[in-house]
Number of protein chains: 2
Amino acid sequence: MTTEAVILGNGDYPSHPYPLNVLSQAPYVVCCDGAANEYIRRGFRPDAIIGDGDSLSPENRERFAGIFHRVNDQETNDQTKAIRFLQAQGKRQIIIVGATGKREDHTLGNISLLIDYMQEGLQVQMITDHGIFIPACNTQVFTSQPGQQVSIFNFGATGLQGEGLAYPLSDFSNWWQGTLNETTEYEFCIHATGKYLVFINF
Amino acid sequence: MTTEAVILGNGDYPSHPYPLNVLSQAPYVVCCDGAANEYIRRGFRPDAIIGDGDSLSPENRERFAGIFHRVNDQETNDQTKAIRFLQAQGKRQIIIVGATGKREDHTLGNISLLIDYMQEGLQVQMITDHGIFIPACNTQVFTSQPGQQVSIFNFGATGLQGEGLAYPLSDFSNWWQGTLNETTEYEFCIHATGKYLVFINF
């Protein structure tokens, strides 16, 4: 997909070259609140900073007042506030980096929100230091290298079947059941009815 | 609960004092494969090391050959191999530390396995650098400090209702929906029929 914008989340700052490259080559970068501090410290300038401002340094709040968009909504987290902000600009193809690695409940929440963004017609993927999360619905084909590790998390899909994967799929009811599969080809296909989340390890 | 054994997982080595204390005061410690390297480097001696041995250093493999239990089963991960090993000794009250913070699919898998262990009659909790994961079934009471952040992940439970929590519960269908709640009392109660996972932030 063509990336229209990258969101830098509130988790650990990326350390793997892949998310770091995505971030440095992004046409438009939105930082979630305090994530902007480290991004700016590294010499970058965000296009927008979104959040309630409680973790943004006073210095950056002043210096970047013109691009800081305070959103106080307690019903959504900073990641979703950034998505809404981009959605309002008509941006639909978005990559999220830096969204995992701190509090595990935040990590789980951030990952699972990809499913909701997909339901709203957005194309949002998450790139971590370890791999890429791709939300999917129904039968879909994914590109890969033979031997890449793949995990599939089921969000209510039925009839799950794989092609080009080492181990058979089933209608997984617990998260761990679809983990640690492996690709055997340069692409793999998941047949299903309904929603699921694919993680492809680098 | 009284802790009969602690499992040191393959994720990031704990850095918060709480899991570090649990580990240093454990009556019995099982290390998952390569996790033993860092544990031993810090001057501790595990009671057992479980895994396929591929991440244990050659030096430790030789030095601790007497307590290294090689399990080659490809169907389960090292965490579950350690659980099976303890279960065979009649140990039921187990704490897992060091199980999160590396590959996100491993983190998700390890966390969700708590639900399966509970179904087998074991009492297994996970302590991370950020909080504690407690698997639960039906109506249950949890101790807390007022103002602690709590997240609830639903594994098929229905009729979810909270007492002593700031925000109402419902039959959450996506992971993020039960996150970022907050305790208001010294204990809180979750009314439900079925399984769910509670995360209490320190």
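## Conventions

Helices (H or I, at least four residues) and strands (E, at least two) are DSSP runs, numbered from the N terminus. This is a predicted model, in which local features need pLDDT of at least 70, side-chain atom pairs count only at pLDDT 80 or more, and totals for chains, interfaces and linings use all residues. Residues are numbered from 1 along each chain as its sequence is written, chains are lettered from A and ligands numbered from 1 in the order in which they are written, and side-chain values use heavy atoms, with hydrogens and water left out.

## Annotated regions of chain A

## Relation of the two copies

Chain B is superposed on chain A by a rotation of 180° with 0.0 Å of shift along its axis, at an RMSD of 0.0 Å (least squares on the C-alpha atoms of residues with pLDDT of at least 70 in both copies). The two copies are thus related as by a two-fold rotation axis. Both use the same surface, since 100% of the contact residues of chain B recur in chain A. Among the residues of chain B, G101(B) comes closest to the rotation axis, with its C-alpha atom at 2.8 Å.

## Interface between chains B and A

The contact (heavy atoms within 4.5 Å) takes 27 residues from chain B and 28 residues from chain A. About 2700 Å² is buried between the two chains, and carbon and sulfur atoms give 63% of this area; buried area is the accessible area (1.4 Å probe) that two parts lose on being put together, summed over both. R103(B), E104(B) and W175(B) supply 27% of the area that chain B buries against chain A, more than any other three residues.

The interface holds 20 residue pairs in polar contact, both residues at pLDDT 80 or more (a pair of N or O atoms within 3.5 Å; within protein, one must be able to donate a hydrogen and the other to accept it, and residues adjacent in sequence count only if both atoms are side-chain atoms). Helix 5 (104-119), strand 9 (149-163) and strand 11 (187-201) of chain B each supply at least two residues of the side that touches chain A. Helix 5 of chain B gives the most, with ten residues.

## Salt bridges

A salt bridge joins the side chains of E38(A) and R41(A), at 2.9 Å from N to O. E38(A) and R41(A) both lie in helix 2 (residues 35-41) of chain A, three residues apart, about one turn of the helix.

Notes
A salt bridge is a side-chain nitrogen of Lys or Arg within 4 Å of a carboxyl oxygen of Asp or Glu.
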